[in-house]
Amino acid sequence: MSNRQFIILVIVLLFGLNLNSPAECEPFRLLVTKFAGPAPVSHRAHTTVYFEMIKAFKSIDNPDKGAWILYGMENLEQQNHDAALLAAGWPSVRADLAIWGQVHIYDDGVVVQLYLTLTPLIKKRRIRPELWHLNFNDGNVPLRLELDIPGKFYQFEPFLLPDKIILAFENPQQGIEIYSKRQGGQVIGTIGEVMRFYEIHENSILLNSDGVKGWVRIKPILQRQSEAIDFSKGVVRLLRGDWRGSRRSFNNVLNYPNLPQHLRTHALIYIGLAKEKAGKTGLNEFKQAYSINPLNKVAAAYLLMGRVSKILRLKKTSSQKQLQNARYDLQKTLSATRFLFEQEDPWIAKLKPLL
Amino acid sequence: MKAINLKKIILFLVVSTVLILISQNTFAGAPAGHLSSLEPHLSNILQKRLQYFNYLQQIDNEHEFSLAISAFLWDNRSKLAYIKFSKAREVDAVVCLMIRKGYSEFDEYYNMDNDFCSRFFKDTPDQN
């Protein structure tokens, strides 16, 4: 091989790397535990929710990379968050998120009660897109404000899964068919133990399992059926740095009637966070979240952070009047929320140079 | 000669990087506890330790890895509370045995807040 050919080969390989490398992404692991409830219905509902959650890794019509979605084979020891943390914390599992729940038989379907547990492993990742930090100076001293996501455990409203949507399989390896085409075509195999995903669509997935590459057809869980699925997808997308996808999911959450207040507050915060991360202002969402409950310290912190973000953006422009107004707004918000924080709170102390 | 060696080194580095990124590019599903789904670091240290104990000849052969796990558990059954584990828990039992034997590379997988390893062992302390 000549020198020129060698250089071209290296350039092509490196270019290929850049095209395929995930941007700011780290291997992510989601566990969907076995659901409690009468068999085989609970197992089928479990399989259905498992495939629905695969779609959470869809990123702007392209599948996400660097992720494992694990199918729990054992019951939780107890139906609580600690048991979910244990199940996710096994060395062989090491999941960042766990989705778990219970199933109850209903007239023409099942009622599913879902929970979402964010495990401490999230904080151990090298790359954490969900962390929001702002850097500025106090004179010559660099300061950094940081906020972590507010939630660790979520409980959702029960929802109905109609019979016609529930997959008739008690686990993915029980014979779910793989087709040669996305529509039509013929059955070319069934899902084995390990699946590698290539394309994710609302009602079909292109995958390879045990050497068979083809399409699996999944009926989507209707959008209005459960805020649990949309909220969980939103959290997955947020933790993966998929800002557009997470906003879409959390905006869907906000459309649910009778949405519990704590879910509404966090959905607004997450939308605001995703907007800020994408270079836009999330101040409107942070204001809405705070207005739901002015005694909510987390909502107050995000509102303060949103105001700081606005000040730092305005500092880059020449509008002194707008900057002055933004500082005044920060002062006003701080006065209204100061009592929620401890007297010597170091996070609050960092706001002083901006006032 | 030097130029050829440099080429080989650069090509090796690029290919290695590609292989690492391919693993990061994986998007896959599996039963929890499946050998394919293990974190790469855990899979690596487990296989190296099993190879050290001569349970494993070839790294990255899933079939051999599975047999090595079963063989290791069988040979250490006197320490374990159960002889048979569910497939989902076999790797965890092996990790706990490794931790108990004092192999520090597994320490990060031990959770002090939740001593899940204690459920695998009999009450008698490890004599080794």
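**Close-up 1. Helix 4 and helix 5 of chain A cross with left-handed geometry.** In this predicted model, local features need pLDDT of at least 70 and side-chain atom pairs count only at pLDDT 80 or more, while totals for chains, interfaces and linings use all residues. Residues are numbered from 1 along each chain as its sequence is written, chains are lettered from A and ligands numbered from 1 in the order in which they are written, and side-chain values use heavy atoms, with hydrogens and water left out. A crossing is left-handed if the near helix is turned anticlockwise from the far one by less than a right angle, and right-handed if clockwise. Helix 4 (residues 227-239) and helix 5 (residues 243-254) of chain A pack at about 160°, with axes 8 Å apart; helices (H or I, at least four residues) and strands (E, at least two) are DSSP runs numbered from the N terminus. Axes are lines fitted to C-alpha atoms, for helices over the stretch in contact, and angles run from 0 to 180 degrees between N-to-C directions. Helix 4 and helix 5 of chain A are therefore roughly antiparallel (under 35 degrees is roughly parallel, over 145 roughly antiparallel, 65 to 115 roughly perpendicular, the rest oblique). The contact (heavy atoms within 4.5 Å) includes A:Phe231, A:Val235 and A:Leu238 of helix 4 of chain A and A:Trp243, A:Phe250 and A:Val253 of helix 5 of chain A. Its residues comprise 6 nonpolar, 5 polar and 5 charged; Ala, Val, Leu, Ile, Met, Phe, Trp, Tyr, Cys and Pro count as nonpolar, Asp, Glu, Lys and Arg as charged, and the others, Gly among them, as polar.

**Close-up 2. Helix 7 packs against helix 8 in chain A.** The axes of helix 7 (residues 283-292) and helix 8 (residues 297-315) of chain A come within 8 Å and cross at roughly 155°. That makes helix 7 of chain A roughly antiparallel to helix 8 of chain A. Among the contacting residues are A:Phe286 and A:Tyr290 of helix 7 of chain A, and A:Tyr302, A:Leu303 and A:Arg307 of helix 8 of chain A. By class, this contact has 8 nonpolar, 1 polar and 3 charged residues.

**Close-up 3. Helix 2 and helix 4 of chain B meet in a left-handed crossing.** Helix 2 (residues 40-52) and helix 4 (residues 90-100) of chain B pack at about 65°, with axes 12 Å apart. B:Leu42, B:Leu46, B:Arg49 and B:Leu50 of helix 2 of chain B touch B:Val91, B:Val94, B:Val95 and B:Met98 of helix 4 of chain B. The contact has 7 nonpolar, no polar and 1 charged residues.

**Close-up 4. Strand 7 and strand 8 of chain A form a hairpin.** Strand 7 (residues 132-138) and strand 8 (residues 141-147) of chain A run antiparallel and are joined by 7 bridges; two strands pair if DSSP finds at least two bridges between them. A:Asn137 lies opposite A:Pro142 of strand 8 of chain A. The hairpin has 2 residues between the strands, and A:Gly139 takes a positive phi near 70°.

**Close-up 5. Two loops of chain A hold A:Pro40 and A:Asp210.** A:Pro40 lies between strand 1 (28-32) and helix 2 (41-54) of chain A, and the peptide bond from A:Ala39 to A:Pro40 is cis, with omega near -5°. A:Asp210 lies between strand 14 (204-209) and strand 15 (212-217) of chain A. Phi of A:Asp210 is near 55°, a positive value in a residue other than glycine.
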